[in-house]
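Subject: A structure for you to look at

Hello,

Please open it first and then read on.

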Amino acid sequence: MKEAKYIWKNGKLVPWKDATTHILSHTLHYGNGVFEGTRAYMTKNGLAIFRLDEHTQRLLDSAKIVMIKCPYSKEELKAAQIELLKANKECFNKNVYIRPIIYLGYGAMGVYHLHSPVEVAIASWEWGAYLGDEALQKGIRVKVSSFVRSSVKSTMGKAKAVANYLNSQMAKHEAIACGFEEALLLDDNGFIAEGSGECLFIVRNGKIIAPPYDNSLESITHNTVFCIAKDMGLEIEQRRVTRDEIYVSDEAFFTGTAAEITPICEVDFRVIGSGQRGEITKKIQDVFFEIVTGNSEKYKHFLTYIN
């Protein structure tokens, strides 16, 4: 990771190396904290944050779900992210990833969390394609994981909570150890939930199909794809999907802030479609990158420019 100059922490910009936390911070021991992943893209008019408002709202929604009271308002958090990118502007020549986190600091131990102080930090760094630049064109190989996505009976998937990602880590590790690039998790009923950090789309007979949000985070990139597909006049359906339906799909791709629009060329040793990036996937991908790089007049409201 290429370090930037500053991290925003508890209302102040501090040098990157000084943005530390105590070893007895409550979140480190008990897993209750929430974070966001937001991207800022280099455009012809400078750096621009993609869907800042929606990402900031989801951060606060996540905090509410896990009973953490954030000491900053939505507008204050949006302003903090802009302030941070401006302060680090000289460090960035490429697209940037922004990581806000709300967590419980040092002050009390034990499972009960409301006596612990709430800390808020925002970091940013240059980050390219999450699964590799080549993956955006050639696609990736995916394995259905032996790990099931955590059930809504035992956890809260609508929160982008740090604890939820242990499940993702184990699935991702298993997939890579087996020679794949990414994992795909089923829900506890055996239907597709999502990737380790991505939402899934398949294409069958020209129709875009995606699993429901029953066990997964409500994805902002996922919503963007729906907007693009509607503009293209494509039929869209959100319903349960089985693993064998993916095997016989014409195209498949992952979406997410980190993954952007990444084609899937193979699942469980079954080649998807032609084994290459599909035609509809490419069209959606092209429009997506037009939007995030500031070349779409219709969706210019999705961008917050850093001047």
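Let me start with helix α3 (residues 74-87), whose 14 residues reach 20 Å from the first C-alpha to the last, close to the 20 Å expected at 1.5 Å a residue. The expected span is 1.5 Å times one less than the number of residues. Helices (H or I, at least four residues) and strands (E, at least two) are DSSP runs, numbered from the N terminus. The buried residues of α3 are L77, K78, A80, Q81, L84 and L85. They cover an arc of only 155 degrees around the axis, so they sit on the same side of α3. That arc is taken from the directions from the helix axis to the C-beta atoms. Buried means under 20% relative accessible area, exposed over 50%, and partly exposed in between (1.4 Å probe, protein chains only).

Before going further, a word on the source: this is a predicted model, in which local features need pLDDT of at least 70 and side-chain atom pairs count only at pLDDT 80 or more, while totals for chains, interfaces and linings use all residues. Residues are numbered from 1 along each chain as its sequence is written, and side-chain values use heavy atoms, with hydrogens and water left out.

Now for the aromatic rings. Rings of Phe, Tyr and Trp (its six-membered ring) pair if their centres lie within 6.5 Å; planes under 30 degrees apart count as stacked, over 60 as edge-to-face and the rest as tilted. By this rule there are 13 aromatic pairs. One of them joins F50 and F302, edge-to-face, at 5.8 Å centre to centre with 85 degrees between the planes. F50 belongs to strand β5 (residues 46-50) and F302 to the loop between α8 (279-292) and β17 (303-305), so this pair ties together parts that are 252 residues apart in sequence. Both F50 and F302 are buried.

A second pair to look at is F180 with F269: the ring centres are 5.1 Å apart and the planes at 70 degrees, so it is edge-to-face. F180 is in the loop between α5 (165-177) and β9 (182-186), and F269 is in the loop between β15 (260-267) and β16 (270-271), so parts 89 residues apart in sequence are tied together. F180 counts as buried at 5% relative accessibility, whereas F269 is exposed at 62%. The charged end of R141 also sits over the ring of F180, 4.4 Å from its centre. For that, CZ of Arg or NZ of Lys must be within 6 Å of the ring centre and within 35 degrees of the ring normal. R270 does likewise over the ring of Y247, with its charged end 4.2 Å from the centre.

Ring pairs also link F50, F288, F289, Y299 and F302 into a cluster. F289 is in helix α8 and is partly exposed, at 25% relative accessibility. Leaving aside neighbours within four places in sequence, F289 is in contact (heavy atoms within 4.5 Å) with L136 and E260.

What about the domains? The domain assignment, whose bounds come from an automatic or database source, gives domain 1 (6-126) and domain 2 (134-293). Their centres, taken over C-alpha atoms, are separated by 26 Å, and 24 residues of domain 1 are in contact with 21 residues of domain 2.

Finally, have a look at D268 in the loop between β15 and β16: D268 has a positive phi of about 50 degrees although it is not a glycine, and it is buried, at 10%.

Best wishes
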